[in-house]
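Colleague: I'd like to learn how to read a few features off a model. Could you walk me through them?

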Amino acid sequence: MDIATGAGIIGGIATIVALIMIDGGNFAAYWDKHAAIIIFGGASAATMLRFPFSVIAHGLPMGLRFAFTMRSIHPRELIDEITRVAEIARKSGPVALENVQVSDPFLAQGLRYIADGYDKDFIRDTMERDRDNFLQRLDEGSKVYRAIGDCAPAWGMIGTILGMVTMFANMSDPSKLGPAMATALLATLYGAMVANMFTLPIADKLHIKLEEEEISRTLIIDGVLQMRDAKSPTLVREMLLAYLPDHHRAEMAAAA
């Protein structure tokens with residue numbers, strides 16, 4: 001689990017709650033159904049105009065899942081695992097990879113292709129297509145959350161304008177001024193909170209996760225292709241180290 005995502009959301013909510021408590025703890029004063037309808041209804045409608053429903057339907061849950069989860073294995077560990085598997089393939093042949101257990105499903109897929117005797121071009125094309133399709137779906141999730149974050153403050157402004165119109169239209173009736181002012185102010189608050197506490201941070205987190213997945217899956221593809229060519233484990237390891245930052249390379253060199 002990505003603890004930073006959960007901690008960030010909880011921290012943001014706790015900050016708002018603490019401020020309300022300091023000001024007297026009147027939570028009811030910060031709720032307005034008209035403002036909520038404007039923000040959530042308007043942002044949902046604008047997002048559906050931007051994307052096909054199928055993109056929204058899989059982008060929202062997929063984005064939320066990856067925002068709260070970490071990759072099961074780090075690139076450094078991937079390199080160690082690929083090196084170990086390359087040693088097995090070099091000593092016992094490609095068929096021995098059928099019984100090798102690895103933690104990454106994408107790597108397991110590549111090893112299965114080697115064990116089944118597929119040629120190098122087929123393995124490269126299939127795995128690159130699989131990687132690109134996965135990254136495209138993850139990118140769509142990021143775009144959906146960013147779209148919500150972009151339009152939520154704008155709908156908050158629309159709610160503010162509507163509240164101000166209602167307020168000025170009823171200046172002769174003081175009983176309607178308070179609710180209209182609450183709608184005007186809370187719509188802006190809700191829009192800013194939805195965008196800056198949830199959707200935009202999640203979109204940025206998904207973009208980082210996309211870059212991590214691209215590096216890890218490209219690393220796996222290169223490692224699998226090197227094993228398909230029966231390259232030595234040392235050569236495979238040295239080639240894959242190029243994917244790591246300098247300080248990680250130094251740590252792995254020291255450990256070796």
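Colleague: Let's start with Ala230: in which loop does Ala230 lie?

Modeller: Ala230 sits in the loop between α7 (177-228) and α8 (233-240). Helices here are DSSP runs of H or I with at least four residues, strands are E runs of at least two, and both are numbered from the N terminus. Bear in mind that this is a predicted model, where local features need pLDDT of at least 70 and side-chain atom pairs count only at pLDDT 80 or more, while totals for chains, interfaces and linings use all residues. Residues are numbered from 1 along each chain as its sequence is written, and side-chain values use heavy atoms, with hydrogens and water left out.

Colleague: What is phi of Ala230 near?

Modeller: Most residues other than glycine have a negative phi. Phi of Ala230, though, is near 60°, a positive value in a non-glycine residue.

Colleague: How many salt bridges does a search of the whole structure find?

Modeller: Side chains of opposite charge can pair when their charged atoms come close. The cut-off is a side-chain nitrogen of Lys or Arg within 4 Å of a carboxyl oxygen of Asp or Glu. With that, the search finds 11. One of them joins Asp2 and Lys209, with closest N and O atoms 3.3 Å apart. That pair links distant parts of the chain, 207 residues apart: Asp2 is in the segment before α1, and Lys209 is in helix α7.

Colleague: Is Asp2 buried or exposed?

Modeller: Buried means under 20% relative accessible area, exposed over 50%, and partly exposed in between (1.4 Å probe, protein chains only). Asp2 is buried at 7%, and Lys209 is buried at 6%.

Colleague: Which residues pair up within helix α6?

Modeller: Lys143 and Asp139 both lie in α6 (residues 120-169), four residues apart, about one turn of the helix. Their salt bridge has its closest N and O atoms 3.3 Å apart. Lys143 is partly exposed at 45%, and Asp139 is partly exposed at 25%.

Colleague: And Asp32, which side chain of opposite charge is nearest?

Modeller: For charge, Lys and Arg count as positive and Asp and Glu as negative, with His and the chain ends not counted. Asp32 is buried yet has no salt bridge, and the nearest opposite charge, Lys33, is 8.3 Å away. Asp32 is found in the loop between α1 (3-22) and α2 (33-50).
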